[in-house]
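Please read the numbered points with the structure in view.

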Amino acid sequence: MNPSRPGRHSSTMGGMPLNDMPWWRWRANVRSALHMLSDVRFHEECWLAGADGYGDVTDAVYRLVEDTWLDNWSAEKYLGTIFRDPDEARLVDQAVLLVLRIVHQVGPDAPVSAYLGHPGWPEAVHAAREAHVRLSANDGEDPDVPPRPLHALRALTGTA
């Protein structure tokens, strides 16, 4: 139980409850995507290696923008529902812009190596890392733990 909300189940990404945000499931998806997009070691050990359970770049981009429409409007629209403050929104907007630019140039069905080899990829990874660190810190979590597999995200959010 979440002591600050009697009678409510506490969902966490690792320690801090997320369900203090009205659209916490969307926040969990955005955080998962940013986490995967921001971790160079993860790119090598999971995406390039073809490890099961983590999806690919396109899956991460889909989680980043699917419910939020961040490919169409600013994260500021979601202040107080998905994002806690204007800094989170600004950092997420920057990461989305850079990642989507690469997706549009490379194509959504490109192999992982095409994204990772794009000249703009390091800047996109850096922007995703800044956003991931900010959101993790605001949720009271360590941004340096490895990304969790997608089945853990589905268990957290209660999605199929």
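This is a predicted model: local features need pLDDT of at least 70, side-chain atom pairs count only at pLDDT 80 or more; totals for chains, interfaces and linings use all residues.

1. Once neighbours within four places in sequence are set aside, serine 136 is in contact with Arg31, Glu141 and Pro143.

2. The overall fold may be stated briefly. The protein has seven helices and zero strands, and its pattern along the sequence reads α-α-α-α-α-α-α. Of its 160 residues, 47% count as buried.

3. Which residues of the largest nonpolar core touch the most other members? They are Leu34, Leu37, Trp47, Phe83 and Val92, in a core of 40 residues. At least two residues of this core come from each of the helices H1 (24-38), H2 (40-48), H3 (57-65), H4 (86-106), H5 (112-116) and H6 (121-138). The helix that gives the most is H4, with ten residues. Apart from this core lies another, of five residues, which include Met21, Ala28, Leu153 and Leu156. As general background, nonpolar side chains tend to be buried together in soluble globular proteins.

4. Valine 92, leaving aside neighbours within four places in sequence, is in contact with Leu34, Leu70, Ala75, Phe83, Ala131 and Leu135. Valine 99 is placed in helix H4 and, at 2% relative accessibility, counts as buried. With neighbours within four places again left out, valine 99 is in contact with Leu37, Val61 and Ala124. The C-alpha atoms of valine 99 and glutamate 123 are separated by 9.0 Å, although these residues are 24 residues apart along the chain.

5. Helix H1 deserves a separate remark, for both its length and its setting. Its 15 residues, at 1.5 Å a residue, should span 21 Å, and the end C-alpha atoms are 20 Å apart, which agrees. Because 13 of these 15 residues are buried, H1 is largely enclosed by the rest of the structure.

6. Cysteine 46 is found in helix H2. Its relative accessibility is 12%, so cysteine 46 counts as buried. Not counting residues up to four places away in sequence, cysteine 46 touches Ala51 and Tyr54. Cysteine 46 and aspartate 56 are ten residues apart in sequence, and their C-alpha atoms are 8.8 Å apart in space.

7. The aromatic residues form a further topic. The structure holds seven aromatic pairs. One of them joins tryptophan 23 and tryptophan 26, with 4.9 Å from centre to centre and 55° between the planes, and this pair is tilted. Tryptophan 23 counts as partly exposed at 37% relative accessibility; tryptophan 26 is also partly exposed, with a relative accessible area of 26%. Is the pair of tryptophan 69 and tryptophan 73 stacked or tilted? Their ring centres are 5.8 Å apart and their planes stand at 20°; planes under 30 degrees apart count as stacked, so this pair is stacked. Trp23, Trp26 and Tyr78 form one aromatic cluster.

8. Tryptophan 69 lies in the loop between H3 and H4 and is partly exposed, with a relative accessible area of 45%. Tryptophan 69 has a positive phi of about 60° although it is not a glycine. In general, most residues other than glycine have a negative phi. Tryptophan 73 is partly exposed as well, with a relative accessible area of 37%. The charged end of lysine 77 sits over the ring of tryptophan 73, 4.6 Å from the centre of that ring.

Methods: Residues are numbered from 1 along each chain as its sequence is written. Side-chain values use heavy atoms; hydrogens and water are left out. A nonpolar core is a set of buried Ala, Val, Leu, Ile, Met, Phe, Trp, Tyr and Cys residues joined through side-chain atoms within 4.5 Å. Buried means under 20% relative accessible area, exposed over 50%, partly exposed in between (1.4 Å probe, protein chains only). Helices (H or I, at least four residues) and strands (E, at least two) are DSSP runs, numbered from the N terminus. Contact means heavy atoms within 4.5 Å. The expected span of a helix is 1.5 Å times one less than its number of residues. Rings of Phe, Tyr and Trp (its six-membered ring) pair if their centres lie within 6.5 Å; planes under 30 degrees apart count as stacked, over 60 as edge-to-face and the rest as tilted. A charge sits over a ring if NZ of Lys or CZ of Arg is within 6 Å of the ring centre and within 35 degrees of the ring normal.
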